[in-house]
Amino acid sequence: MSGTLYWMGDAVAFRAGETVAAALRRSGIDDFGPALGELRARYFCGIGSCQACLVSLNGDSLIEACLTPAREGMRLSAALPLAEEHGHE
Ligand code: FES
């Protein structure tokens, strides 16, 4: 199923079978926002191993963008504010 998700409030179209990371990158979004250790979140390993692609889903959970299938209406944002709120460093 194709559809629309939202990255930092902006609509991003996705194609059937795409992950969140694939949809974001196809839309020209390579920087997934601030990450721990003053790094920038991004697509890196693509297999759920590095955690570099963590983003916030609907403001209340962290997901691996490289593994999570894109779904209609997902609201995604940078992970760091949520990680700090939960004490991850
Ligand atoms: S890119 Fe490494 S876990 Fe997603």
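I started at a ring: Arg75 lies over the face of Tyr6, at 4.4 Å from the ring centre. For this I count a charge as over a ring if NZ of Lys or CZ of Arg is within 6 Å of the ring centre and within 35 degrees of the ring normal.

**Ground rules.** This is a predicted model, where local features need pLDDT of at least 70, side-chain atom pairs count only at pLDDT 80 or more, and totals for chains, interfaces and linings use all residues. Residues are numbered from 1 along each chain as its sequence is written, and side-chain values use heavy atoms, with hydrogens and water left out.

**Overall layout.** I looked up the elements next and found 2 helices and 5 strands in the protein chain. Their pattern along the sequence reads β-β-α-β-β-β-α. Both kinds are DSSP runs numbered from the N terminus: helices are H or I of at least four residues, strands E of at least two. Of the 89 residues in the protein chain, 36% are buried; the cut-offs for relative accessible area are under 20% for buried, over 50% for exposed, and partly exposed in between (1.4 Å probe, protein chains only). I also checked contacts (heavy atoms within 4.5 Å): among those between residues at least 6 apart in sequence, 38% join residues at least 24 apart.

**Strand pairing.** Strands pair if DSSP finds at least two bridges between them. S1 and S5 run parallel and are joined by 2 bridges, with Trp7 opposite Leu76 in S5. S3 and S5 run antiparallel with 3 bridges, and here Ser56 has Ser77 in S5 as its bridge partner.

**The core.** Which residues touch the most other members of the largest nonpolar core? I found Leu5, Trp7, Leu24, Phe32 and Leu76, out of 21 residues. Such a core is a set of buried Ala, Val, Leu, Ile, Met, Phe, Trp, Tyr and Cys residues joined through side-chain atoms within 4.5 Å. The elements giving two or more residues to this core are strand S1 (3-7), strand S2 (10-14), helix H1 (20-26) and strand S3 (54-57). H1 gives the most, with 4 residues. I then followed Trp7: beyond its neighbours within four places in sequence, its contacts include Val12, Leu24, Ile29, Phe32, Val55 and Leu76.

**Two loop residues.** Is Thr68 buried or exposed? It counts as buried because its relative accessible area is 14%. Thr68 lies in the loop between strand S4 (61-64) and strand S5 (75-78). Its side chain reaches the backbone oxygen of Glu64 at 2.8 Å. I call this a polar contact: a pair of N or O atoms within 3.5 Å, where within protein one must be able to donate a hydrogen and the other to accept it, and residues adjacent in sequence count only if both atoms are side-chain atoms. Leaving out residues up to four places away in sequence, Thr68 touches Thr19, Val20, Ile63 and Met74.

Glu18, in the loop between S2 and H1, is buried too, with a relative accessible area of 14%. The side chain of Glu18 reaches the backbone nitrogen of Arg15 at 2.9 Å. Beyond four places in sequence, Glu18 is in contact with Ala23, Arg26, Pro69 and Ala70.

**Positive phi.** Last, I looked at backbone angles. Met8, in the loop between S1 and S2, has a positive phi of about 50 degrees although it is not a glycine. Asn58, in the loop between S3 and S4, has a positive phi near 55 degrees. Asn58 counts as partly exposed because its relative accessibility is 46%.
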